[in-house]
Amino acid sequence: MTENIKSSRVSGFYRLPIEKRIEFVKKFSDLTDEETKLFSSCLNIDIADRMIENVLGTFELPLGVAVNFVINGRDYLVPMAIEESSVVAAASNAAKIARVKGGFTAECSPPLMIGQIQVLKVEDVTEASQSIIEHKPEILRLANAQDKILVELGGGAKDLEVRILDSPLGKMIVIHLIVDVRDAMGANAVNTMCEALAPEIEELTGGKTRLRILSNLADKRIVKAKAVFDKNTMGGENVVDAFLESYTLASIDPYRAATHNKGIMNGVDALIIATGNDFRAIEAGAHAYAARKGRYTSLTTYYKNKDGDLVGEIELPMAVGVVGGAANMHPKARLCRKILGVKTAEELAMVAGSLGLAQNFAAVFALSTVGIQKGHMSLHAKNIAVMAGAKGEEIDQVADQMVKEGKIRLDRAKEILEEIR
Ligand code: MEV
């Protein structure tokens with residue numbers, strides 16, 4: 001095993017030209033020349049055509065890398081695919097602050113996914129439920145017969161739970177099949193098992209099965225991450241207090257919690273996309289989990305420790321895979337996994353959780369102090385400068401002037417450009 005002993009701590013990474021950034025990542029992650037060429041390539045159209053239907057082309061997003069991350073004592077460069085400015089810089093900055101007190105610690109539960117089988121038109125739901133529980137060994141055996149490879153890898157259907165629900169259609173049974181999906185996201189394995197079990201379930205219950213599908217509320221596949229943010233690096237205990245005031249609103253108010261959690265997902269989704277995972281599944285699971293106690297709330301919690309430092313914690317479902325689907329087919333997803341150096345779904349989940357916490361800390365930190373527009377505006381100003389026709393060094397000159405004046409508009413950019421020329 002080759003242990004990565006390199007440091008992800010870099011200052012001024014954003015100021016380097018792209019080739020130098022690639023050189024750094026190449027060294028850190030032992031990329032080959034062939035692999036580095038992938039950064040500037042598009043997804044091959046034939047691969048795209050096998051991934052979805054009615055393909056016309058491919059759609060590109062910027063791919064960046066967040067620096068400075070230490071998670072469970074190991075340095076990571078975290079690839080992020082996202083269209084929004086400031087997100088990658090914010091994550092890197094949060095990771096730099098977390099590093100002062102040792103970085104992030106993360107843990108996650110085994111990769112257990114839930115498949116649901118809905119059973120309707122059952123005469124006696126209590127008796128039928130009993131019958132399902134009594135036949136659990138056969139049901140699990142039948143489920144596992146659908147995926148021998150998963151079972152050989154130590155995964156497979158491990159348990160089942162039976163729920164009786166009241167509904168406008170009368171009482172219905174919902175069976176939860178609990179499947180250890182190992183390093184896959186697991187949707188295919190679970191859905192195949194649920195569909196295969198339906199006839200047996202109908203026979204046992206005398207009812208009619210309808211839905212047989214994975215649940216995206218993957219609350220048995222949870223990642224937790226934690227970090228201590230040094231009060232002095234943050235600017236003093238009064239900044240920690242200001243942070244906690246901002247955070248409190250997210251903990252009590254769904255209107256704020258939605259935005260707060262959106263900030264978390266800025267980071268999580270960017271990594272999920274970069275590694276070819278299903279970001280809709282992660283989004284659905286995260287928001288459902290945020291409402292699990294009957295009221296939608298923050299996915300993170302913050303408090304002050306006895307030294308006056310800020311402690312941040314995050315907890316959310318993380319159904320990610322490192323095998324199967326786009327994670328395997330997409331060459332850039334494979335490249336991003338190599339940059340990360342993750343070998344298992346659990347390790348990827350721990351990076352995603354830590355990144356979510358970092359992203360959230362960065363947003364609330366900025367909101368509690370200077371506001372977020374400052375960071376957003378400088379990149380926005382550069383885009384406006386380019387739209388006005390600025391080239392090379394003119395771009396920074398025009399953008400800096402607009403930021404200084406607080407007027408970031410196309411007409412002003414054109415005027416400044418004329419003045420410079
Ligand atoms: C913007 O993409 C995300 C934020 O709104 C998150 C937050 O408000 O915490 C800045």
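Strand 3 (residues 104-108) and strand 8 (residues 222-229) run antiparallel and are joined by five bridges. This is a predicted model. Within this pairing, T105 has K226 of strand 8 as its bridge partner. Strand 8 also pairs with strand 10 (residues 310-317), again antiparallel, through eight bridges. Here A225 stands opposite I314 of strand 10.

The two pairings are set out below.

| Strands | Bridges | Direction | Residues |
|---|---|---|---|
| strand 3 and strand 8 | five bridges | antiparallel | 104-108 and 222-229 |
| strand 8 and strand 10 | eight bridges | antiparallel | 222-229 and 310-317 |

Helix 6 spans residues 136-144, and its buried residues are I139, L140, A143 and N144. Viewed down the axis of helix 6, these buried residues fall within an arc of 130°, so they line one face of the helix.

The cysteines are the last topic. The count of disulfides is zero. A disulfide needs two cysteine sulfur atoms within 2.5 Å. For C42, the closest cysteine sulfur is that of C336, at 14 Å, which is too far for a bond. C42 is exposed, with a relative accessible area of 52%. C194, in contrast, is buried, with a relative accessible area of 0%.

How values were computed:
Residues numbered from 1 in each chain as written. Predicted model: local features only at pLDDT ≥ 70, side-chain atom pairs only at ≥ 80, totals over all residues. Heavy atoms only, no water. Buried < 20%, exposed > 50% of the residue type's maximum accessible area, 1.4 Å probe, protein only. Helix = DSSP H or I, 4+ residues; strand = E, 2+ residues; numbered from the N terminus. Arc of directions from axis to C-beta. Pairing = 2+ DSSP bridges.
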